[in-house]
Amino acid sequence: MHNNKRLEPLKAARQFVEKYFPNCQAALLAGSVVRGEATTTSDLDIVIFDKEVKNPYRESFIEFEWPIEVFVHNLTSYKHYFAMDYERARSSLQKMLVEGFVVKDDGIVEQIKKEAQQILENGPQHWSLQTIDAKRYFITDVLDDFIGCTTIHEELFIVNMLAELISEFILRTNDKWVGTSKWVFRLLKAHDEQIALQFFEAFNFYYETKDKTQIITFVDHVLEPFGGRLFEGFSMGKTSS
């Protein structure tokens, strides 16, 4: 792929929409290019609204020297995705719509953007005390495995699971949206820059030295306001006879 032949992102998006979705009601360009965070491997994320589409789908293309991912919805299917995102506390579609540059609009984008913005501002579903206790238990279980592990091959996967669980715990106990991959640190930093740096330093120290102490201390620090580690007395699914 020769980047010097690329069209500008918005121009490429307009030509892509005209070529593949000329009859759509709306299209938005989203992702890293609209946030000013694009790298040499970034793609174009384009959200399409087309009333003729029966089922929502996503598809990948190479056009105008750009990798392009398109997310296609009809005029109601996006609401189902909004509901799913609320349940799983991931706001990927809403974020794309709120940030997105309008490529085409037959008069529907403003309302959809308002819906997405309202969901983002309201935040995800609040964790119950029962959910918090369950998460404490699972984190404790993985932490114990991490502390006791003597095989570096297994330890690598345990520590990665621990990072995922504790980042989710931090964000969700503060009613924040969660994400994956690069978005984990971005969301932690947006929530609390200091705790994001503590997270990074603890895990980075382990990856560099294989010393577990900073991770253990950090996890205990995160759990402490909620009662600390949890094992004895924890129960799930038990019914009275």
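**Entry 1: Glu65**
I looked up the exposure of Glu65 and found it partly exposed, with a relative accessible area of 25%. (Buried means under 20%, exposed over 50%, and partly exposed in between, with a 1.4 Å probe and protein chains only.) This is a predicted model, where local features need pLDDT of at least 70, side-chain atom pairs count only at pLDDT 80 or more, and totals for chains, interfaces and linings use all residues. Residues are numbered from 1 along each chain as its sequence is written, and side-chain values use heavy atoms, leaving out hydrogens and water.

I then checked the backbone. Glu65 is not a glycine, yet its phi is positive, about 65°. Most residues other than glycine have a negative phi. I placed Glu65 in the loop between S3 and S4. (Strands are DSSP runs of E, at least two residues; helices are runs of H or I, at least four; both are numbered from the N terminus.)

**Entry 2: Phe64**
I found Phe64 in the loop between strand S3 (57-63) and strand S4 (66-73). Its phi is positive too, near 55°. Phe64 is partly exposed, at a relative accessible area of 22%.

**Entry 3: H8 and H9**
I turned to helix H8 (residues 182-191) and helix H9 (residues 193-209). Their axes come within 5 Å and cross at roughly 140°. (Axes are lines fitted to C-alpha atoms, for helices over the stretch in contact; angles run from 0 to 180 degrees between N-to-C directions.) So H8 is oblique to H9. (Under 35 degrees is roughly parallel, over 145 roughly antiparallel, 65 to 115 roughly perpendicular, and the rest oblique.)

I listed contacts, meaning heavy atoms within 4.5 Å. Phe185 and Leu188 are among the H8 residues that meet H9, whose partners include Phe199 and Phe200.
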